[in-house]
Amino acid sequence: MRILVTGASGFVGSRTCDHLEVAGHDIVRCVSPRHSEIPTSQVYSVDLSDPRSVDRLNRLGSFDAVVHSAGVAHRFGNTSGSEFRRVNVEGSKNVAELAVNLGARKFVHLSSVMVYGGGHGGRSVSEDKTPSPDDAYSRSKLEGEQVVKSSLHGRSVDLTILRPAPIIGEGSKGNVSRLIRAIDNGSFRWIGDGRNQRSFVYVGDVPRAVEFALNLDHRNCVFNLVGGNVTVAGLVNTIAKGLGKQITGFRVPENLARLSRTMSRPLRKIPVIGRYQRTLETWMADAVYAGDAIESCGFRPATTIEQALNLEVDRYLESR
């Protein structure tokens, strides 16, 4: 296939391009203007939120497929709601309309399990759960899905939406990478008993799922993408073992942590306290997702969560 991949310089997009090229596909890479220096001849620097910028890609001829992996992926810092919308919603709409103009038969859209929101009480969340996003990032991801569906409705384009669990692995910039640094520098402190579970997927399994979706003979599919589940205690202990560290120090009981969270509710509008509360809630909650639907179609993740964590720790040690 001739495939256009957006977000081609990103954590997932770059690996997707490499994987699809090895599989024999002709890949054209679309990157953000701030990431235009990539060693390949088939790279186009485009602001996906600007229809005039995207329109330049119409000169490239026809494509068999579009893989849309571009987006504002991480919620650390002070990213505004308008920025999430600009990239994750308006950008997605423009890419979907571009796919129609390019004659693409397949469209794979990378979303996130965060569209389901929180508060699942330990239940495994499958695709039949009605999304209920609870922050600017997750709302923008759900709206991105919706504008893609709307733009492709009635068109001869097979749409697959992939909702990955939090993606881990070499080069990750998410919560796991921050946890690795905290355990390594001795700033990590236990909160709760660590029995709550979380789902993850290895970054190398995402391109495999994309390739699987490109070859899938179905239309308008939505799949969670899950590599496996791990308790928070298992997560911490695997990382500590890989780093050669011992976890010591006082454990803050979960009921005490929850009491402190309740007592500080009036202060949540203060940014520093608000971020602390969100981190605390994330740490103590279960976040488990079901990947049965895509597995029933024949896709299986190749890397376990323990293997993925060890690979991420190894990369961290190499670059430390």
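Because the model is predicted, local features need pLDDT of at least 70 and side-chain atom pairs count only at pLDDT 80 or more, while totals for chains, interfaces and linings use all residues. Residues are numbered from 1 along each chain as its sequence is written, and side-chain values use heavy atoms, with hydrogens and water left out.

**Around β5**

Let's start with β5 (106–110). Helices here are DSSP runs of H or I with at least four residues, strands are runs of E with at least two, and both are numbered from the N terminus. How many residues of β5 are buried? Five of the five are, so β5 is largely enclosed by the rest of the structure. Buried means under 20% relative accessible area, exposed means over 50%, and partly exposed is in between, using a 1.4 Å probe and protein chains only.

In a regular strand the side chains alternate between the two faces of the sheet. In β5, K106, V108 and L110 point one way, F107 and H109 point the other way, and all are buried.

β5 has parallel partners in β4 and β6. Strand β4 (residues 65–68) is joined to β5 by four bridges, and V66 stands opposite F107. Strand β6 (residues 158–164) is joined to β5 by five bridges, with D158 as the bridge partner of K106. The chain gets from β5 to β6 through α4, and this β-α-β crossover is right-handed. That label applies if, with the strands pointing away from the viewer, the path from the first strand over the helix to the second runs clockwise. As for pairing, two strands pair if DSSP finds at least two bridges between them.

**The cavity**

Rolling a probe the size of a water molecule over the atoms shows where empty space is left. On a 1 Å grid over the protein atoms alone, a cavity is a set of points where a 1.4 Å probe fits but cannot get out, a pocket is an open set with protein on both sides within 12 Å along at least five of seven lines, and lining residues have an atom within 4 Å of a point. Grid points are joined across faces, edges and corners, and a volume is the space filled by probe spheres set on the points.

The structure holds one cavity of 30 Å³ or more, and the largest cavity has about 40 Å³ of space. Its lining is made of H68, A70, N88, S92, H109, L110, S140, K141 and G144. Elements that each supply at least two lining residues are α3 (81–101), β5 and α4 (136–152); α4 gives the most, with three. By class, the cavity lining has two nonpolar, six polar and one charged residues. The nonpolar class is Ala, Val, Leu, Ile, Met, Phe, Trp, Tyr, Cys and Pro, the charged class is Asp, Glu, Lys and Arg, and the others, Gly among them, are polar.

**The second largest pocket**

This pocket has a volume of about 160 Å³. Among its lining residues are E170, K173, S177, I180, R181, E312, R315 and Y316. Two elements give two or more residues to this lining, α5 (175–185) and α11 (305–319). Which of the elements gives the most? α11 does, with four residues. The pocket lining divides into two nonpolar, four polar and five charged residues.

On α5, the buried residues include S177 and I180. Just after α5, G186 takes a positive phi of about 80°.

**Salt bridges**

A salt bridge is a side-chain nitrogen of Lys or Arg within 4 Å of a carboxyl oxygen of Asp or Glu. The count comes to 16 salt bridges, and here are three of them.

| Pair | N to O distance |
|---|---|
| R29 and D18 | 3.0 Å |
| R52 and D50 | 3.5 Å |
| R315 and E318 | 3.9 Å |

R29 lies in strand β2 (residues 26–31) and D18 in helix α1 (residues 13–22), so their bridge ties together parts that are 11 residues apart in sequence. R29 is buried at 8% relative accessibility, whereas D18 is partly exposed at 40%. Along with E21, R29 and D18 are linked in a network of salt bridges.

In the second pair, R52 is exposed at 68% and D50 is partly exposed at 21%.

R315 and E318 both lie in helix α11, three residues apart, about one turn of the helix. R315 is partly exposed at 39%, and E318 is exposed at 65%.
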